[in-house]
Structures are given as structure tokens and as C-alpha cells.
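Let's take a walk through this protein together, one part after another.

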Amino acid sequence: MKKIMVVDNDIMMLEFMSDLLEKKGHDVLTANDGLTALENLESYFPDIMFIDLVMPNIDGEKLCRKIRSIPELKDIYIIIVSAIAAEQDMNFTDIGADSCIAKGPFDKMSEHVLYVLDRLDKNIRDDITKNIIGLGDFHSRDITKELLTFKRHSDAILNNISEGILELNLNKKIIYANHFANSLIGSGEQELLGSFFPDMFDAAHQMRVKELIDLIDYGPQEITDDIPLNPSGKMVSVNIFPVHDDERKSIIVILKDNTNRRQTEYALKKEKKFSETLVQSSPTFFVAMDSKGNIIMMNEAMLKAIDYNLDEVAGKDYLTSFIPQSERDNLSKVFDNLVRERKPTTNTNCILTKYGRELPVEWHGSPVFKENGEFDFFFGVGIDITERKKAEMALKESEDKFRNFAEQSIVGINLIQDGVFKYVNPRFAEIFGYTVEECLNDMSFCELVYPEDLPIVEEHISRRLSGEAESVRYDFRGIKKTGEIIHVEIFGSSILFNGKPASTATLLDITERKRMESEIRELSLRDHLTELYNRRGFISLAEQQIKAAHRDNKKLLLTFIDLDDLKLINDKLGHEEGDRAITETADIIRHAFRQSDIIARVGGDEFAVLAIDSTGINSEAFSKRLQQKIDEYNAINSGPYTISMSWGTAVFDPKVPISMGELMSSADKLMYKNKRAKQKVENPVTPVKTGIQN
């Protein structure tokens, strides 16, 4: 047994289908139009639906599309039962149907319906999904073709007019919507069909719309003011009128989109209000005079500046009331030229305050003409330039002070525009060994920069001129006129010079500072007692050599050396002798190894040697040479102790690379192994000579 819904506006067809299907044991529910079917689908979920195409209150095509838009109903098998299958070239799958049966005599219909159900039971669907079942038994009818053509024409007209057209049933549910209505409301047709029309409006307007629809028996109703649609927010006016025919009654709603008109009206009002607010709240002066020169408008800023109110100035002659006697003739000519030349002008003159003070103002004036070309009124916009006049004086004083400061400054100052110097002070020229005149003779800044540093200098100048960076600080190497290379620190920023972007900078000659920094840096890497590298310097240099050895596929030898019994020397003979033993050990190691090797004192009595070029040399050769130098020293040493050392050598092989820490650890272990082996000798050599121990 299957649950089946039959949707058709023909009562005989509904009875026929119900009888046929129920006899086969199916549960059948019927609906006489698409809207009723949608309402039934809220509580009844069929396995199969038979749907007629031509029906009132949502036809079969729209019903199919609506069902397919609802996820919960996507598995229903839909069969179109159409009386127009022979007249209309249709692809039923395009509207969401799975099969189609052509309507005809009931005996033929019975065969086709049961055939389709049988194929579904057997899960054989190819023939019933590709072809219209029973189409060969019928012939097309001319009257049906004409009606279908008329429907297509009607749909084309309704879907291309610029008004929204909706049809409602008497329960105020939407059963038709043209394309423009869908666009106005902001919803697709499938979403709108079957929905409650008053819900298209917010709560403030829903009751009003319901009441108007209830009054349609008394004639057409309308809402002439604009109300918003949900969810689009479009502003519409609404016309509602009834439609009657012999079989049914429905309601037509016409929605007119007034959004653009409302937006235009609102924009005009807003613009007018904005203009009025701008004029009255602006610190700029606004004044308007009629063709006779009498004042018709003056804004608050100007009234306040001249100590008047509007009633006191309205209708007064502008020239005689507010312009100093000495400037009236000239300004009168300006007004005449404005009217004659019919274009805006700019001029500067003073206006008189109520108490006779003269206020300098820069005016931008325009003549306004009527449509017939006759002069109407003059409109002026003024800027109080009192402060600007003061600023110009202050700027001139500031420029003079700056020039005096720059000329006497102990730092170099320059200004670059279009790649050449526009200004340099004497100190700048002195830093590079030129005269000021030589620098300003179309000299490019690039001529003063060491070639390798030129890209970074050009990049910084470009960043400042483009606005990417307002200021920068960096140093570079410069070239003096003599060819000498110097170090320069620069602090640069971007400015406007004569209305164009420019770069300005101050410079310090830091050559001496760089030299001192280099010396300090070198000292920080050296052991002050032996002048060998200290542990920090050794590790820094050794790590660089390991990277190079790995790159060049070369081996390195690292030797760790320990001065034996330094503590005994310190305890018996004092730390001064201990320091001398350390320096003598350092000298022995220097003579035992090559100048290219990196030698360091890495601890109190510990030394390290990294042999950079180990070609043809092995650890035994290193050990033999070191012991030879120790023996030579002890043979001629007349001091109170002999020198003894223990060492261990580790090899860095780029084929089996290890870190610097691992290499040092390996050499250290070998060194201590050597020291322990020496301590096991039966009669070890005492480093402090006999008779002096006590």
C-alpha cells in the first residue's frame, strides 16, 4: 500500500482516480487545486502525487516547482496527468515531475495509471521517465492550442510590465505572482505561492491591508501612501479589486514600486536641509545680494564676525554699508564684470564690522541668472583671512629664522626634488668636500653615495616621496670629492616644496663613531690577557667556517687544549705566575699552529684551535707539532715550573655533519681522556720545580 495524493479540479477525475487506486489497496487523499494540495501537504506526506497541469489557485506546473523547493517533500514521486499533453511540447522533468500521463478515456487512463504504478513497484523506470505515457492514443486539439497560445501571451505581458501583479484566494493566500512582484517582494515564486499576503508587510500595516481586502465587495480599494514590503523594504502603493467568473472569485493586487520616487524626494529634502545647515553652520562667510546690490541673505558666521543680526542687515546696500570707502569703486567694477562676463571670480577686500573694524576677506563670487538669461542675484563665499595674513608674516619670519639656523648648523641639511639638490647648507657641503655652489649646480644625490649603498638610499627617498613613509633614519657610506669613503647617518622626511613632493634630510658624519664601534666590537671578541679570541668570538667565527666547510665539502679539525695544573701554579706561586703561564701557553699554541687557524682562549685554562684548511694534515701531525713546541719552550725556560698540556682533536666531516656544540663536546671529551691517561702514569712530571713547591 502506498500513500497517494491526487490533485485535479475535475470532480469526476478525482472520483475516478480515488476509486481506481483504493481498489488496489492504496491510501488516497484528493485536492481540487494547487493551493489546497499545499495545505494538505503540511500534515499528509504522500509517496506519489498525480497532478493536473491546468487548475485554478496555483496550477500544476507551479505546484511541482513549489514542492521541489521544499526539502521535506523532495522524495515524493510526481506524475503529471495532463489533458494538454498532445497540444503542448513539454519536458515534464523541467518542472520537477518524474512521469507524465496523457488524459483520455477512463479505460485507457486506468491502463496507463496502473502501468506506471506497476513499473514503480518493480523499480523499472526508464520508459516512464522518458516518454509521456498514452500520448499515441490521442490527437491534438486546435482549441486547446489556441488557449495555450493565449496563456503564453498573457504570461509574457504580465511578466514584463513594471508593476507587481498578485492573485489571492478569498483566504488572502497568494496563488499567482508575476516576475515584477517577485522582484519587489524579494522572494522567488515558489516561496510566495500559498503564503499569506498580509504577512508581506510589517505589523504596523498588516491589519490595514487585511481590512481593505475584506472591503472588496464594496469595490476596489487602494493605499495611496507608500508602505514598506518585507523583506525587501521596497516602498509600494497598493490597489486591490475583486475578480469574478462563473466558477470562482479571487482578488487581484497591483503593487506599484515608489521606492525610487521616495528616495529621490528624500534625497532632495536631505540635500536642501544639508545645504541650509552647511551654509548656516559653516565658519565660511555666505552672502547673497539682489540685482540692486541689496542684501537678501547672510549666514551666521558672517553676521557674528561683523557684530550684526539678520534683521539689521536685510535689505541694506552692501557697498555703502559694509565696504570701506577706499575699496568701493574697485569692488563695484568687480560686480559689473561678474554680470558682464557671466563667470565666477575671486578677489580680496575688507568688510566693515558694526564698530568700524576692517576685516580682510578672500571672496569667491558667482552671478546667478534667471532662465530667460536676466541677471537675478549675486552669491559670494568668503574666508576670513585675518589669521592667514598673520600666518604669512609669521611664516616669513620663520623662514628667515630657519635659514639663519640652517646656515650655522653643525649638521648637514639638504632638500632634494626631482633627483637634484634644491638646497644644502654649508655643513652639508663641507661633509662631502664640496662648496654649496657645486652641490646646487644640478648635482644628483647619487653622486655622493657609495655604489653598493645606492639601492637602499634610492628606496628610502622613493618611499618618502610616494607617501609610504613620512620619515626614515638610516646610515650609508658616502664618497667625498677626494674619493675618500665616509659613513653618514641620515634622518629624512617628506615635504611639499613649491607645491611638489620633495625630500629633506639632516646628516651627521659618523665615520669616527663607526671606527670606534669597530674597535669596541673587536675588543668584545678578544681575550684581554692573551689577545686571542675569547669564547664568544671563537664560536661566532667557527660557526661561519662550519657552514663554509659544509658548502665546500671540506673537513675541519677542532683541537681542545687544557693547561695542566694551573691551579697548582696559582696556589703555590700566585696568580701573577698563573697569568704568565697562560700567556706563555698562548704563545706556544700560536707557534704550533698556522696564522689561518682560529685560536681562542675559551676558559680559564682551556684553549681551542680550529684548523680551517686540514688538507693533508691529521690529528697526529697536530699533536706532534704541539708537543714539539712545548718541549722547546721547557728546554729554555728557567722559571719555577714547566708547561704541560692535555688535548683532544675532533674532526668535522661534511658528509656526516654535526653542530658546533657537538663538535666542541667531542673534542672536549677527547682532551679529558688524554688528561686522565697522563694522571695514571707512575711518576708524573710535577709542573712546579723541586725546591720551590714550599
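Start with a sheet: five strands form an open sheet in the order S18-S17-S21-S20-S19, and their pairing is antiparallel. At its edges you will find strand S18 (420-424) and strand S19 (471-479), each of which pairs on one side only. From one strand to the next, the twist averages 35 degrees. Keep in mind as you look that this is a predicted model.

S19 pairs with strand S20 (residues 485-497) in the antiparallel sense, over nine bridges.

Next, move to helix H3, which covers residues 60-68. Which residues of H3 are buried? They are Gly60, Lys62, Leu63, Cys64, Lys66 and Ile67. Their cover includes strand S1 (3-7), helix H2 (34-40) and strand S8 (174-177).

Two of these buried residues, Leu63 and Ile67, lead us to the largest nonpolar core, which has 29 residues. Leu63 and Ile67 are among those with the most contacts inside this core, as are Val7 and Ile80. S1, H2, S3, H3, S4 and strand S5 (99-102) each supply at least two of its residues. Apart from this core lies another, of 26 residues, among them Phe322 and Phe375.

Leaving aside neighbours within four places in sequence, Ile67 is in contact with Leu41, Met49, Ile51, Leu73 and Ile78.

Key: Residues are numbered from 1 along each chain as its sequence is written. This is a predicted model: local features need pLDDT of at least 70, side-chain atom pairs count only at pLDDT 80 or more; totals for chains, interfaces and linings use all residues. Side-chain values use heavy atoms; hydrogens and water are left out. Buried means under 20% relative accessible area, exposed over 50%, partly exposed in between (1.4 Å probe, protein chains only). Helices (H or I, at least four residues) and strands (E, at least two) are DSSP runs, numbered from the N terminus. Contact means heavy atoms within 4.5 Å. A nonpolar core is a set of buried Ala, Val, Leu, Ile, Met, Phe, Trp, Tyr and Cys residues joined through side-chain atoms within 4.5 Å. Two strands pair if DSSP finds at least two bridges between them. Axes are lines fitted to C-alpha atoms, for helices over the stretch in contact, and angles run from 0 to 180 degrees between N-to-C directions.
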